[in-house]
Amino acid sequence: MVVISAALAGAGLTAAVDRVTTNGAEWCAATGRLVVVPRHAATESPHGCPLCPSNLCKGRELGAIRAEAGNAATLAVRRRSVVYSGDGENDLCPALLLRRGDALLARAGRGLERLLRERAAAAAAPT
């Protein structure tokens, strides 16, 4: 979160982003190092999905965001689209859960783009 917040602020995009879901982080005063704090405890099951690491199930988080929006009182909030930005292989699960009207911003040349291309090629291949 520390790195993402700094990047958003540096690009002047803080106000444009409603929510960032990631692992927490804090600076350790004793060592001066950034320590990542897992969003989900190692004892929690991601959701039975082999695509997600145990520390953060992004598919589960996306589901929680959708549920929260579905419970919102105003139609405008219920109809909001999700813009998901990712680059790693651990972003495949939530990318596959996006719906019509949502957008995926996948960084070129990284793991997520490669996995999506592989899946598209496999789906297009004759059987």
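In the hairpin of strands S1 and S2, where 6 residues lie between the strands, Gly32 takes a positive phi near 75°. The model is a predicted one, in which local features need pLDDT of at least 70 and side-chain atom pairs count only at pLDDT 80 or more, while totals for chains, interfaces and linings use all residues. Residues are numbered from 1 along each chain as its sequence is written, and side-chain values use heavy atoms, with hydrogens and water left out.

Strands (E, at least two residues) and helices (H or I, at least four) are DSSP runs numbered from the N terminus. Strand S1 covers residues 24-27 and runs antiparallel to S2, to which 4 bridges join it; two strands are said to pair if DSSP finds at least two bridges between them. Within this pairing, Gly24 stands opposite Val37 in S2.

Leu34 belongs to strand S2, which spans residues 34-37. Because its relative accessibility is 33%, Leu34 counts as partly exposed, a class that lies between buried (under 20% relative accessible area) and exposed (over 50%), judged with a 1.4 Å probe and protein chains only.

Helix H1, residues 2-10, contains Val2, which is partly exposed because its relative accessible area is 28%. Although Val2 and Ala25 are 23 residues apart in sequence, their C-alpha atoms are 6.2 Å apart in space. When neighbours within four places in sequence are left aside, Val2 is in contact with Ala25, Trp27 and Leu34, where contact means heavy atoms within 4.5 Å.

Between H1 and S1 there is a loop, and Thr22 has its place there. Thr22 counts as buried because its relative accessibility is 19%. Not counting residues up to four places away in sequence, Thr22 touches Met1, Ile4, Arg39 and Leu56.

Helix H5, residues 111-124, has 14 residues and reaches 20 Å from its first C-alpha to its last, close to the 20 Å expected at 1.5 Å a residue; the expected span is 1.5 Å times one less than the number of residues. The buried residues of H5 are Gly111, Leu112, Glu113 and Leu115, and what covers them includes strand S3 (83-86), helix H4 (92-96) and strand S4 (103-106).
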